[in-house]
Amino acid sequence: MADRCNPVSNRVIYEHAGAGSVTHVVQRTRLLCRRLVSPAPALAFVQNGRKIIRRHGVETEARAGDFLLIPNGADFDLINEPDENAVYEALVLYLSPDLIRDFSDDTAAVVHRASVLNDPPPAWCDAFHNAVDAIRSGHSLPDRVVASRVTEILLWLGSLGHKFAYLAPGPVERVRHIIGSDPARAWRGPELANILGMSEANFRRRLAAAETNFSELLVDVRMTVALTLLQSTDRSITDIALDVGYDSASRFAARFRARFEFSPREIRTNLRNFDQNGAKHDRDGAVLPPAE
């Protein structure tokens with residue numbers, strides 16, 4: 001199954017409006033990424049290594065050949081662990097929330113947390129492959145055809161007893177989406193409040209109710225986008241810094257380390273690992289204090 005579900009990927013992120021997006025994640029180091037939020041319901045096909053998601057004390061593990069179902073809207077901790085050849089690799093299909101909203105299946109159970117889809121039928125793999133290829137096709141396929149091929153994934157999930165729920169975005173999710181659509185832009189709180197149709201005071205109150213504020217969200221979204229670009233493209237760290245609004249690579253690297261507790265270059269090089277308890281080890285095997 002792995003060969004059939006392993007289409008050749010250029011190291012870019014593919015997006016198709018109204019259908020979804022595809023990333024080809026490659027990582028060389030076992031790193032713990034805390035407090036991530038999936039921007040959309042996702043299917044991750046693990047090609048090499050393993051993916052571990054932790055949330056509320058529950059750990060879900062997907063190994064090479066497994067598909068992982070990831071709902072959106074909840075934060076989680078993530079470990080991508082390379083295999084014995086020091087490579088972690090996965091193909092991730094993010095499903096458009098518009099498709100989820102318009103799709104109905106009353107027979108399947110809602111995916112509330114990360115779940116592994118073990119040993120699906122061969123035709124499932126073909127459908128996944130076709131959906132990925134359709135999104136990567138650019139404008140060579142009509143929009144309706146691309147959407148149809150991705151919708152087939154939802155039909156397959158229903159036949160296997162699973163479905164993703166549509167979650168109407170709240171203020172925090174809307175801010176994340178707006179900033180994520182153009183992370184290099186010099187966003188300001190009053191501008192976002194205006195886009196959301198709120199007064200600036202109400203905007204601040206709504207974010208405070210979610211235990212955050214505009215400045216924290218801006219940095220978090222930018223660093224999360226940077227993490228995805230580091231994992232899923234071959235762009236240089238300097239270019240990625242510019243992509244997310246930093247004209248200084250060193251200032252970007254400092255912000256990134258403050259958010260994730262490792263440097264941007266550690267995504268692409270084999271510098272250190274985490275043990276099963278989350279403790280960091282340097283290349284000489286010395287244990288470093290675990291991040292809190």
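I checked the length of helix H2 (residues 122-136) first: at 1.5 Å a residue its 15 residues should span 21 Å, and its end C-alpha atoms are 21 Å apart, which agrees. The expected span here is 1.5 Å times one less than the number of residues, and helices (H or I, at least four residues) and strands (E, at least two) are DSSP runs numbered from the N terminus.

I noted that this is a predicted model, in which local features need pLDDT of at least 70, side-chain atom pairs count only at pLDDT 80 or more, and totals for chains, interfaces and linings use all residues. Residues are numbered from 1 along each chain as its sequence is written, and side-chain values use heavy atoms, with hydrogens and water left out.

I then looked up burial in H2 (buried means under 20% relative accessible area, with a 1.4 Å probe and protein chains only), and found Trp-124, Phe-128, Ala-131 and Ile-135 among the buried residues. After H2 comes Gly-138, with a positive phi near 70 degrees.

Next I turned to the sheet, which is open and has four strands in the order E3-E8-E5-E6 with antiparallel pairing; two strands pair if DSSP finds at least two bridges between them. Strand E3 (31-37) and strand E6 (58-63) are the edges, each pairing on one side only.

I followed E3 to strand E8 (residues 75-81), which it pairs with over five bridges in the antiparallel sense, and there Cys-33 has Leu-78 as its bridge partner. Strand E5 (residues 50-55) runs antiparallel to E6 and is joined to it by six bridges, with Arg-50 opposite Arg-63. E5 and E6 form a hairpin with two residues between them, and His-56 in the turn has a positive phi of about 50 degrees.

Conventions
Buried means under 20% relative accessible area, exposed over 50%, partly exposed in between (1.4 Å probe, protein chains only).
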